[in-house]
Every structure is written in structure tokens, then in C-alpha cells.
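Here is a walk through one protein model, taken a piece at a time. Keep the viewer open and follow along.

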Amino acid sequence: MAVKNFVVGLFDDEAVLFPAVKKVRTAGYKLHDVYTPFPVHGLDHAMGLRESSLHTAGFIYGITGTTTALSFMSWVFNADWPLNIGGKPHFPLPAFIPITFELTVLFAAVGMVMTFCWLCQIMPGVKKHIFHPRQTDDKFVMVIELTEKTNAEEVKSFLTAAGAHDINEQKAEAGWWFGRFDKDDEPYLRKIQTANA
């Protein structure tokens, strides 16, 4: 994981944030992320994010649950422990439907929750840098990553012109790490900076 430089701008309203995101992308700056206190419709498209593939993962998990249920029950009643119960067939599909449905829903639900947590990097013990204390309270925060070609002062003036306030430059871990919010991160960050130097 790398410690990178960011310019952080604060917005009061999504009506100002939306055009600012489009201007940042048009100007060619590297948009790290935008933090909002509530879902803003269309912001993902304005940021250039692709549509989530969570529904495809849910379908795959559901098919896996269906296949698991049908194959396990058919194996039990045909190969492992075949019983003749009143002359009924060994593969009574109508009797298998409730269990098949339950396993389909179980696999899809649990799999989608785990996939969502993995994609959003939210798990017990996972910590990400908080760029502003009110980023999910009542303010909108735009974070622009500084690259070798980007001048910090130029980005700050660009964000000011776009309607941002409380603009600052921060050095932070770009990804996630295991940690706790009630403990100091400075020793960990110093260890990373020493290793990268």
C-alpha cells in the first residue's frame, strides 16, 4: 500500500458538486473518490464508474445454490441411501422444490453480502483514511489524487473556482489496512514511509 498526496475539497450542496465532478474529469485530474452523506443519483456516471456487477454475482451464487441442492438430494436418494418409499421415484422433483428454493436464496443472499463487503472494502478490522470528519454527515467531499503532472496549487484554485471551500492537501494511505479508529496511526504510517524510502 502506498501513501499518496491528495487535495480535498468540501461542498455544501450536490447541485454544486455535480458540475464540479464533471469539470474535474474534463480537466483531466485523477478523481480519487467523492464522499456524500446520502446517495446522489447519477453521480457514479458523472465520475465515470462502470455499472456494478453485483447482480451478475447474485445470479451465479443463486445458480450455485440450485445446483448444490439438486445434486446433493439426487445423490442422497439415488446413490448414497436409495429407499423405496411407497413406490415413489428416487428423484421426486416436486418434493425437492422447497429445499432447492431455500438453498438458492441462501447462497445468493450470503454471497451477495460477502461480495458487497469485499467490493466496498468494509469488513471488521478494515480501516480507511477519513479525509474530512463531516464527509458522511452533512457535507460532500471531493478527493483528487495528485500525480507527477499535477500541481497542488493549481488543483486548489480549480476547486475554489468550482465552488469548493475548506480545501486542503493531505498525505494519506490510498487503500485500506487493518486497524482501529481509536488508536494512533502514526507509527504504522511512519513504518510505511520508511519502507518506501
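## The annotated spans

UniProt, in an unreviewed entry, puts the feature "transmembrane region" at residues 57-77 and 97-119; UniProt positions follow the numbering used here, feature names are shortened, and annotations may be inferred rather than shown by experiment. In this predicted model, residues 57-77 come out as 100% helix and 0% strand, with the end C-alpha atoms 30 Å apart. Residues 97-119 are likewise 100% helix and 0% strand, and there the end C-alpha atoms lie 32 Å apart.

Some ground rules: residues are numbered from 1 along each chain as its sequence is written, and side-chain values use heavy atoms, leaving out hydrogens and water. Because the model is predicted, local features need pLDDT of at least 70 and side-chain atom pairs count only at pLDDT 80 or more, while totals for chains, interfaces and linings use all residues.

## Overall layout

The protein has six helices and six strands, which are DSSP runs numbered from the N terminus (helices are H or I with at least four residues, strands are E with at least two). Along the sequence they follow the pattern β-α-β-α-α-α-β-β-α-β-β-α.

Of the 197 residues, 31% are buried; that means under 20% relative accessible area, with exposed being over 50% and partly exposed in between (1.4 Å probe, protein chains only). The accessible surface is about 12,700 Å², and 62% of that belongs to carbon and sulfur atoms; these areas come from the Shrake-Rupley method with a 1.4 Å probe, and for residues only the protein chains shown count as cover. Among contacts (heavy atoms within 4.5 Å) with a separation of 6 or more, 78% are between residues 24 or more positions apart.

## Helix H3

H3 covers residues 54-80. Its 27 residues should span 39 Å at 1.5 Å a residue, the expected span being 1.5 Å times one less than the number of residues. The end C-alpha atoms are 36 Å apart, which agrees.

Which residues of H3 are buried? They are Leu54, Ala57, Gly58, Gly62, Gly65, Ala69, Met73, Ser74 and Val76, and they pack against helix H4 (93-120).

E4 pairs in the antiparallel sense with strand E1 (residues 3-11) over six bridges, where strands pair if DSSP finds at least two bridges between them. Phenylalanine 11 has phenylalanine 140 as its bridge partner in E4. E2 also pairs with E4 in the antiparallel sense, over five bridges, and lysine 30 is bridged to glutamate 145 of E4.

Valine 143 sits in E4 and counts as buried because its relative accessibility is 0%. Its C-alpha atom is 4.6 Å from that of valine 8, 135 residues away along the chain. Beyond its neighbours within four places in sequence, valine 143 contacts Phe6, Val7, Val8, Leu31, His32, Asp33, Tyr35 and Phe131.

## Aromatic pairs

There are seven aromatic pairs: rings of Phe, Tyr and Trp (its six-membered ring) with centres within 6.5 Å, called stacked if the planes are under 30 degrees apart, edge-to-face if over 60 and tilted for the rest. One of them joins tyrosine 35 and phenylalanine 131, tilted, at 6.0 Å centre to centre with 35° between the planes. These partners are 96 residues apart: tyrosine 35 is in strand E2 (residues 30-35) and phenylalanine 131 in the loop between strand E3 (126-128) and strand E4 (140-145). Both tyrosine 35 and phenylalanine 131 are buried.

Another pair is phenylalanine 72 with tryptophan 75: ring centres 6.0 Å apart and planes at 40°, so tilted. Being three residues apart in H3, these two are separated by about one helical turn. Tryptophan 75 is partly exposed, at 44% relative accessibility. Ring pairs also link Phe6, Tyr35 and Phe131 into a cluster.

Most residues other than glycine have a negative phi. Aspartate 166 has a positive phi of about 55° although it is not a glycine. Aspartate 166 lies in strand E5 (residues 165-173) and counts as partly exposed, at 42% relative accessibility.
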